[in-house]
Amino acid sequence: MVINALTEVLFWSDISKIINNAKKLGEKYFPDNPEMYFSEKDKFIKQEIPTKEEFLHRLEYYEKNGSPKWVGGRNDSCDDLSFNDLKKSITESASLKQGEVLSKRHSLIYSKRPGFWKFYTDNIFIGKENTILELTIGAGLGTSVLMQRMSDKDLYMGVDIDFICAKQADALAKYHKVNGLGIATSLWNLPFDDGIFSVVCSDNGLDECREIPTILKEATRVLKSNGKVVLICRDKENSWYPEFRKYGFSNEDAEYWLSKVRLYAGSEQIESLASKYGLRLVSKREEKSYYGTILVFEKQ
Ligand SMILES: C[S@@+](CC[C@H](N)C(=O)[O-])C[C@H]1O[C@@H](n2cnc3c(N)ncnc32)[C@H](O)[C@@H]1O
């Protein structure tokens, strides 16, 4: 079952309604017919939220009542992990073979933009012993990029709300023979002591999360002083803006509301929030593509 962060925001007053719908559609169409799943889900949302007025009403509700709380059914396999998912995560997702498959797939992607990924990792591997926390492992492209550059002195910890994504980081660590571990947890309450990582990074992940301010605050808390936060921030066109335009919002209005409901609104929003939590922007690189902008902050 897949529910994205914007859907959670829009259905916050009755989250079980969207979860039950997603479960029903998931049983019917997953994994064989994902196109039907997504088109039926869109139809359901359009029925429930037919007008801009209703859309706005729901944003206002979330702005006041929303919270960094884990709601059931965020994705395939987290708090509602089935036995089959558990088995799959142990026998397939975390296997050496899976690490090899992922790593080969990823290297085809990142070899097309070597300068971009070099800038990203140059800002992550800053010392002789780097303790790296990666947020939002996802499909693991950013994880592969890190692991192919890690030495045996470095340490990798990855977190994702999705259990299978977390286990894929284990597979990549096995394949690259590095000290690394993925764990399933939300980013709003990281299970780590204060000030232990030299770098917190994320490749294209915050854009899919709710409660961005809480995430940046937590990232800062677990970072050593003078540590770095390195974030690849997805281009606006590939985030929530097109969804808002479907309801007649201009880009400016979308930006205003996305910030109000604490969803990702672009790299400028991340810059301004980060400064609130004591992160100073020290470097930046913009790429005219899906990958967007790399922001590098230092903890004051
Ligand atoms: C686009 S993917 C990240 C892509 C990935 N970094 C890569 O390089 O392939 C976004 C990930 O964020 C995770 N996510 C969304 N909300 C989250 C939250 N609140 N806490 C932790 N992970 C979250 C999703 O499960 C998903 O795996």
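In the predicted model, Arg234 and Glu208 form a salt bridge through their side chains, with an N to O distance of 3.3 Å; a salt bridge is taken as a side-chain nitrogen of Lys or Arg within 4 Å of a carboxyl oxygen of Asp or Glu. Arg234 belongs to the loop between strand E5 (223-233) and helix H11 (241-245), and Glu208 to the loop between strand E4 (197-203) and helix H10 (212-221), so the pair ties together parts that are 26 residues apart in sequence. Helices (H or I, at least four residues) and strands (E, at least two) are DSSP runs, numbered from the N terminus. Arg234 is buried, at a relative accessible area of 11%, whereas Glu208 is partly exposed at 40%. Buried means under 20% relative accessible area, exposed over 50%, and partly exposed in between (1.4 Å probe, protein chains only).

The model is a predicted one, in which local features need pLDDT of at least 70 and side-chain atom pairs count only at pLDDT 80 or more, while totals for chains, interfaces and linings use all residues. Residues are numbered from 1 along each chain as its sequence is written, and side-chain values use heavy atoms, with hydrogens and water left out.

The structure holds 22 salt bridges in total. One of them joins the side chains of Glu218 and Arg221 at 2.9 Å, N to O. These two residues are three apart in helix H10, which places about one helical turn between Glu218 and Arg221. Glu218 is buried, with 9% relative accessibility, and Arg221 is partly exposed, with 25%.

A further salt bridge connects the side chains of Glu287 and Arg285 (3.4 Å, N to O). Glu287 is buried at 16% relative accessibility, while Arg285 is partly exposed at 28%. Both residues take part in a network of salt bridges that also includes Arg113.

The second largest pocket has a volume of about 200 Å³. Its lining consists of 15 residues, of which Asp235, Ser267, Glu286, Gly292 and Thr293 are the closest to the pocket centre. Helix H13 (267-276) and strand E6 (279-286) are the elements that give two or more residues to this lining. A pocket is an open set of points on a 1 Å grid over the protein atoms alone where a 1.4 Å probe fits, with protein on both sides within 12 Å along at least five of seven lines; lining residues have an atom within 4 Å of a point. Grid points are joined across faces, edges and corners, and the volume is the space filled by probe spheres set on the points. By class, the lining has eight charged, five polar and two nonpolar residues. Asp, Glu, Lys and Arg count as charged, Ala, Val, Leu, Ile, Met, Phe, Trp, Tyr, Cys and Pro as nonpolar, and the others, Gly among them, as polar.
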